Amino acid sequence: DAIIEIKEFFNNCRDQVALEIQICNQGAEPLPANVPVALYWENPTQVLTNAFHTFIVTESLAVSACTTIVTPEFTVPAQEINAFAVVNDDGQQTLPYILDDQENGGNFPINDIEECDYTNNLDQVNFFVGRNSSQSLAVQICEGESFTIDGMQYDTTGRYTHTTTNVYGCD
């Protein structure tokens, strides 16, 4: 029984993130190598959507074993977004699909890997992508005057750059 969990996301302070995904085998048999995983921006069990990234778990997993994969960075279409990860999905299925085998009215899985519960093949994470932000401040300094920003005092006219970290940890 393959179980997927999105453990963490990494934000590069641009419009890109990477996901850390853990896949575990809680079945009675080893999980074979080359199991596909698909990532979606919308829930593939509810709407017609396209996978934005797919990859293969290249190693087999013994019973009770787990593996962790960090995806490459990908561009995020909105600042606040849901991501869905589905193990045993190659991103080519007719959507929306039902996380159950054909005998029970579903169209899952895409291969002959038997599982007790397909609902744990899907995980979701909601995240807010921090972006760089900038603020420009024009101050004219006359002779004998000064201007202070974040403890730095300026007393000469010129162009200065001051970098601060925003609420998302980006600068």
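**A disulfide and its strands**

User: What is the angle about the S-S bond in the link of Cys24 and Cys66?
Analyst: The angle about the S-S bond is 105°, and the link of Cys24 and Cys66 is right-handed. The sulfur atoms of Cys24 and Cys66 lie 2.0 Å apart, and a disulfide is counted when two cysteine sulfur atoms are within 2.5 Å. This is a predicted model, in which local features need pLDDT of at least 70 and side-chain atom pairs count only at pLDDT 80 or more, while totals for chains, interfaces and linings use all residues. Residues are numbered from 1 along each chain as its sequence is written, and side-chain values use heavy atoms, with hydrogens and water left out.

User: How many disulfides does a search of the whole structure find?
Analyst: The search finds one disulfide. A disulfide is a covalent bond between the sulfur atoms of two cysteines.

User: Which strands hold the two cysteines?
Analyst: Cys24 is in strand β2 and Cys66 is in strand β5, 42 residues apart, and the pair links distant parts of the chain. Strands are DSSP runs of E with at least two residues, and helices are runs of H or I with at least four; both are numbered from the N terminus.

User: Cys24, buried or exposed?
Analyst: Cys24 counts as buried because its relative accessibility is 11%. Buried means under 20% relative accessible area, exposed means over 50%, and partly exposed lies in between, with a 1.4 Å probe and protein chains only. Cys66, at 41%, counts as partly exposed.

User: How many residues of β2 are buried?
Analyst: Eight of the ten residues of β2 (residues 16-25) are buried, so β2 is largely enclosed by the rest of the structure.

User: Which way do β1 and β2 run?
Analyst: Strand β1 (residues 2-11) and β2 run antiparallel, joined by nine bridges; two strands pair if DSSP finds at least two bridges between them. Strand β6 (residues 74-75) pairs with β2 in the antiparallel sense over two bridges, with Phe74 as the partner of Val17.

User: Where is Glu73?
Analyst: Glu73 is in the loop between β5 and β6. With a relative accessible area of 43%, Glu73 is partly exposed. Glu73 and Ala18 are 55 residues apart in sequence, but their C-alpha atoms are 4.5 Å apart in space.

User: New topic. What is the order of the strands in the open sheet of four?
Analyst: The order is β4-β3-β7-β8, with antiparallel pairing. The edge strands, β4 (51-57) and β8 (122-128), each pair on one side only. Inside the sheet, β3 (residues 35-40) and β7 (residues 80-87) pair over four bridges, and Val37 has Val87 as its partner in β7.

User: How much space lies in the second largest pocket?
Analyst: About 150 Å³ lies in the second largest pocket. The volume is the space filled by probe spheres set on grid points, which are joined across faces, edges and corners. On a 1 Å grid over the protein atoms alone, a pocket is an open set of points with protein on both sides within 12 Å along at least five of seven lines, whereas a cavity is a set where a 1.4 Å probe fits but cannot get out; lining residues have an atom within 4 Å of a point.

User: Which lining residues are closest to its centre?
Analyst: Of the 13 residues that line the second largest pocket, the closest to its centre are Asp1, Gly27, Ala28, Glu29 and Glu114.
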